[in-house]
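Here is a walk through a protein model, one step at a time. Keep the structure in view and follow along.

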Amino acid sequence: MNDPTQRISELRSEAEAAIAEAPDTAALEELRVRYLGRKAELPNLLRGVAELPPEQRGIVGRTANEARKGLEALVGDRVAALEAAELDARLAADRVDVTLPGAPPQPVGRHHLLSSTRREIEDVFLGLGFSVMEGPEVDLVHYNFDALNHAETHPARNRSDTFYVADEAVLRTHTSPMQVRAMELYPPPLYIIVPGRVYRRDSDATHTPQFHQVEGLAVDEDVTLADLKGTLLAFARAVFGDERDVRLRPHFFPFTEPSVEVDVSCFNCTGGFMRDGSRCPLCKGEGWIEILGAGEVDPNVFEYVREHGYDPDRIQGFAFGMGIERIAFLKHGVPDLRMFFENDLRFLEQFG
Amino acid sequence: MRVPLEWLSEYADAGLPARELGERLTMTGTKLEAVHGPTISDEHFVVGKVLDAQRHPDADKLSVCQVDLGGRGTTEIVCGAPNVAAGQLVAVVEPGGVMPDGTKIKRAKLRGVVSNGMILSERELGLGDDHGGILVLDGDFAPGAALGDVLPLATEVLELEITPNRPDCLGVYGVAREVHATTGAELKPPPWADDPGSTGAVEGVEVRVEVPDLCPRFTARVFEEVRIGPSPPWLKARLTAAGMRPISNVVDITNYVMLLTGQPLHAFDLDRVAGQRLVVRGAREGETIDTLDGQTRTLEAGEIVIDDADGPTSLAGVMGGARSEVSDDTTRVLLEVASWHAPAIHRTSTRLGLRSEASGRFEKGLSTEQTMEAQAVATRLMVEVCGARLVPGTIDVDVGGAARAGGDDHKRLRPARVDRLLGMAVPRERERAILESLGFGVEDAGDDLAVRVPHFRRADVTREADLVEEVARIEGLDRLPATLPSRNGVAGRLTFEQRARRRAEDVLVGRGLHEVVGWSFTEPGVADRLRLPDDDPRRLFVPVENPMSEDHRVLRTTLLGSLLEIARHNLARGRSDLALFESGAIYLDAPPSADLATGATAVALRGRHDGLPTEVHALGGLLTGRVAPESWRGAGDARWDFFAAKSALGAVLDALRVEWDVRPPGHPFLHPGRAARVFSGDTELGWLGEVHPLVARAWELDGTVAAFELDLGLVIANAPQEIPFTAFATFPPVLRDLAVVRPADVAAAQIVAVAAERADAVEVFDVYGDSLAMHLAFRAPDRTLTDEEVDERMAAIVATLRERLEVEQRA
Ligand SMILES: [Zn+2]
């Protein structure tokens with residue numbers, strides 16, 4: 001017998017070459033049996049080490065062992081590589097048309113534009129520290145007019161303007177009745193908004209007999225007209241964009257003093273004019289768009305809730321009321337307010 | 001309020017273009033609505049002097065005139081007016097001029113003669129209806145002068161929004177005060193500064209006021225030798241520019257003085273005032289008066305009439321009577337200028353639908369002092385314009401005088417209060433200057449200012465806060481800093497109910513439903529179309545006393561009507577797959593405790609406020625057609641029906657963790673076999689079902705329409721707010737299936753309930769005929785159950801099903 005180590009390295013080289021060329025995992029298994037199986041030569045050599053002369057045992061045993069481990073590792077690597085390649089091939093063949101629709105089909109629902117706008121407004125004021133309250137839509141003349149300092153002759157009281165359900169009960173004409181209701185329920189400091197449905201006897205493209213408002217009321221010992229301006233500036237920027245500015249114009253409302261109307265700078269033009277020099281259709285060339293009425297709460301209103309902690313000499317604050325339809329109209333250019341209540345799917349699908 | 005700039009500038013001339021002045025006024029509270037262009041706008045309109053007028057050679061009715069235009073030379077104009085004559089001063093438009101109606105004047109040939117422009121009539125200048133002849137100018141004007149300098153026609157007109165608290169600004173002089181305060185322009189003395197009249201009794205005329213509460217002041221002056229006729233052009237021009245139609249000099253003067261002072265006046269033909277006596281009294285219920293618009297008006301008790309010896313002759317403050325109206329042959333005029341109780345005027349004018357310039361001013365509340373201001377201005381004009389002779393004296397029944405003397409027009413203004421309310425400091429001297437510019441009297445009072453309110457602001461400025469507003473608006477709100485409230489630790493948040501409501505809506509949107517917003521209004525016939533029995537609470541409509549239309553005369557008691565209406569709208573537009581929901585109020589004209597014969601309904605009557613109707617926040621859905629577009633994978637064509645709707649409803653209730661179940665029967669508007677009410681324990685939350693085909697047909701809907709409605713407030717009241725942690729089982733469950741055969745009257749829910757007594761989870765996975773199959777899961781918190789233990793429980797379930805329900809395990 002020749003030098004066994006010589007034979008081992010021959011076997012090793014031969015096996016390494018064969019493994020490298022094995023085309024698939026089946027061929028590899030065959031090679032594994034041939035070179036490393038029970039009856040293969042290398043394991044036999046290893047088992048026969050004990051019969052060798054003592055001086056050869058060490059070197060032959062070590063060499064054979066290294067060869068066996070080396071081949072086993074090689075087979076393992078090669079199996080992994082081949083399996084990965086075979087998986088790749090299988091996956092590559094397992095191809096779908098990804099452009100087909102998802103299944104099962106998931107229809108998309110939408111919030112009504114009035115709801116999504118209301119939530120947007122609510123969220124802005126929640127962030128500014130206001131809570132949300134709601135109140136009855138059918139309310140007493142007391143809360144809708146009297147406690148809001150409306151003169152006996154105020155035209156809004158007319159049956160031509162306001163829906164009555166009884167002599168002393170109306171469909172509220174604004175969300176403002178909740179000012180006094182809220183102050184009856186909670187002592188100052190009070191920071192609330194009141195979204196809700198309101199009613200006026202008016203019907204054309206820019207008026208519907210029902211519409212929605214958000215009332216705001218901030219009452220404390222030190223809430224100023226400047227605070228109103230800052231609050232509404234934050235609101236205008238959140239809803240209409242960071243570039244917006246607001247301006248307060250003196251006005252008259254029975255339940256605020258001083259009273260103001262609030263304009264937001266037009267987001268459709270620059271100073272009232274479009275890029276082509278034409279007059280802006282949204283703000284009619286004024287550069288400002290009226291968005292709401294507001295003011296410092298009139299002392300006469302506080303008189304109605306004096307015993308609830310609202311002493312007008314000590315307590316002051318602001319109130320405002322805005323139309324949700326108007327905000328939605330301004331943001332989205334809805335051409336006719338009646339569309340809000342027609343609920344045509346072609347309208348509903350566009351928003352929310 | 002239309003304010004001609006030319007007229008305004010007579011009292012305060014800011015020297016600003018109309019629009020700029022309007023914008024300044026806007027920022028101090030008098031909002032500019034529009035600027036109306038002048039009637040005549042260019043240099044083509046001039047004064048001409050007719051040198052010669054000859055008959056046209058080929059036309060009888062035309063004259064060929066030589067007209068001197070001063071520095072512009074002499075021109076030839078063909079004129080069709082019969083009254084043209086040499087020597088007249090006339091209004092001429094030369095070729096190139098644009099008429100008020102937009103027509104551009106060109107050189108024209110009339111029957112062979114060239115006409116270089118036109119001689120104008122009143123109507124062509126927008127001054128009246130008189131087209132019979134040309135306007136002859138009365139005055140010493142130079143030919144060639146601009147017509148706009150001679151007649152106030154070239155003025156722009158400011159249209160201003162006057163807020164209801166400022167009736168003083170319903171007069172030109174009041175607006176002039178605002179111009180003065182806003183721009184600093186000098187304010188000229190008021191037109192009533194010199195009163196040509198005198199005080200004392202007026203001979204032969206008597207006035208008695210029986211209702212001093214309703215008529216705090218009544219003044220009258222008498223004019224004789226009045227010559228009724230057209231007003232002079234300047235007066236017509238101002239009235240026209242201010243938006244009023246010239247009628248005749250006396251009537252025009254009353255209107256002109258009202259426009260200037262804000263105080264309405266009324267002229268009687270004194271010879272038609274029976275007995276030369278006027279009595280102001282309260283009307284008797286049902287009595288009638290013929291007003292000067294030719295109508296007979298029936299009065300109500302408490303309204304104010306003015307009698308003469310023959311009975312009612314004027315409806316005070318609202319409209320004069322036909323009997324004493326000034327006419328062409330009037331020669332003696334009694335000029336009434338009175339103060340009326342604002343609410344009484346408001347009530348009468350509203351009730352009779354007679355809203356006039358006068359009533360609109362009276363109902364805002366005018367000061368009693370304004371009466372004599374108007375008398376002074378009117379007196380001068382009556383004399384100057386109508387050639388009248390003033391009878392000495394003034395009738396002045398001034399009950400309000402005592403009240404004025406007793407009242408306190410002094411208010412205190414604390415500068416510190418101004419700063420505290422506005423959040424900006426205004427120097428004390430600036431406050432004083434602002435108030436003085438507005439006509440307030442100001443004196444020092446220690447650290448404060450003692451302010452005297454002028455009579456024309458008495459009704460509006462009654463508190464310190466009102467003075468603060470005056471300071472703020474003139475100082476300029478653009479000076480206000482933008483700050484945020486300190487809030488003192490108050491946090492903003494939604495309530496649990498508000499968050500839960502959002503979640504409920506989001507769940508439905510997530511399942512492909514579109515939210516709708518229906519009308520609160522409906523008509524009571526909807527109850528019949530919904531087949532509601534007579535005693536159903538949904539017939540308790542809240543009636544609207546003054547609806548805008550018959551189909552909006554009550555408030556809805558269920559969302560279903562709105563949803564069916566919206567479904568019809570969309571189906572008519574070809575949309576047959578509809579998944580809609582609404583989250584909104586319904587209204588019941590009943591107290592919450594009403595004993596409702598039909599038993600509890602979802603819309604249980606809750607939340608009534610102070611005798612007001614019950615409002616319920618409801619969540620309703622309407623579902624018809626395909627649940628989803630058909631899939632290319634084939635998995636069937638799912639359509640909305642009872643179970644699909646129940647699935648959507650369940651998604652809401654489960655999202656809110658409400659324990660719920662459904663129990664038949666449904667409601668009369670639902671399919672009797674495919675409907676149920678929704679409960680949480682003993683609380684009825686609402687209903688669910690397929691809409692009865694007859695109901696669907698009433699809304700022109702075919703096929704299966706499923707719907708549901710929940711009292712969302714009640715649902716949320718049954719949802720847990722606080723969720724404590726529950727330890728979850730770590731050992732895997734043992735799974736078993738159980739198939740059973742059931743008698744026809746046993747509900748699936750009963751079988752599931754029995755199984756759930758011993759199984760930890762039950763899932764119905766197959767129903768076929770009378771058999772029903774369930775997946776059951778068994779688990780213990782501390783170990784995996786053995787087969788023997790599970791066998792035991794399964795056997796117990798089978799035994800219980802047999803004993804209690806006669807349900808057998810399927811072989
Ligand atoms: Zn614009």
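Start at A:P258, which lies in strand 8 (residues 256-265) of chain A. Helices (H or I, at least four residues) and strands (E, at least two) are DSSP runs, numbered from the N terminus. A:E257 and A:P258 are joined by a cis peptide bond, with omega about -5°. Another cis bond runs from A:P188 to A:P189, with omega near -5°. A:P189 sits in a loop, between helix 7 (177-185) and strand 5 of chain A.

A word on the source. This is a predicted model, where local features need pLDDT of at least 70 and side-chain atom pairs count only at pLDDT 80 or more, while totals for chains, interfaces and linings use all residues. Residues are numbered from 1 along each chain as its sequence is written, chains are lettered from A and ligands numbered from 1 in the order in which they are written, and side-chain values use heavy atoms, with hydrogens and water left out.

Now take chain A as a whole. Its secondary structure comes to twelve helices and ten strands. How does its radius of gyration compare with that of a compact globule of 352 residues? Chain A has 42 Å, while such a globule would have near 20 Å. The radius is taken over C-alpha atoms, and the globule rule is 2.2 Å times the number of residues to the power 0.38. The C-alpha atoms fill a box of roughly 130 × 45 × 45 Å along the principal axes. Of the 352 residues of chain A, 53% count as buried. Buried means under 20% relative accessible area, exposed over 50%, and partly exposed in between (1.4 Å probe, protein chains only).

Next, the sheet in chain A. Seven strands form an open sheet in the order 1-5-6-10-9-8-7, with mixed pairing. Strand 1 (131-132) and strand 7 (246-253) of chain A stand at the edges, each with a single partner strand, so one side of each has no neighbour in the sheet. Two strands pair if DSSP finds at least two bridges between them. Strands of a sheet pair through backbone hydrogen bonds, either parallel or antiparallel. Strand 1 of chain A runs parallel to strand 5 (residues 190-199) of chain A, and two bridges join them. There, A:S131 stands opposite A:I192.

Chain B has an open sheet of seven strands too, in the order 26-29-30-34-33-32-31, again with mixed pairing. Its edge strands are strand 26 (514-515) and strand 31 (661-663) of chain B, and each pairs on one side only. Strand 33 (residues 683-691) and strand 34 (residues 705-711) of chain B pair in the antiparallel sense over five bridges. B:G686 stands opposite B:L710 in strand 34 of chain B.

Finish in the loops. Is B:V542 buried or exposed? B:V542 is buried, with a relative accessible area of 2%. B:V542 lies in the loop between helix 15 (526-529) and strand 28 (554-555) of chain B. Setting aside residues up to four places away in sequence, B:V542 touches several residues, among them A:V165, B:Y587 and B:P613. Contact means heavy atoms within 4.5 Å. B:R531 is found in the loop between helix 15 and strand 28 of chain B. B:R531 is not a glycine, yet its phi is positive, at about 60°. B:R531 is partly exposed, with a relative accessible area of 35%.
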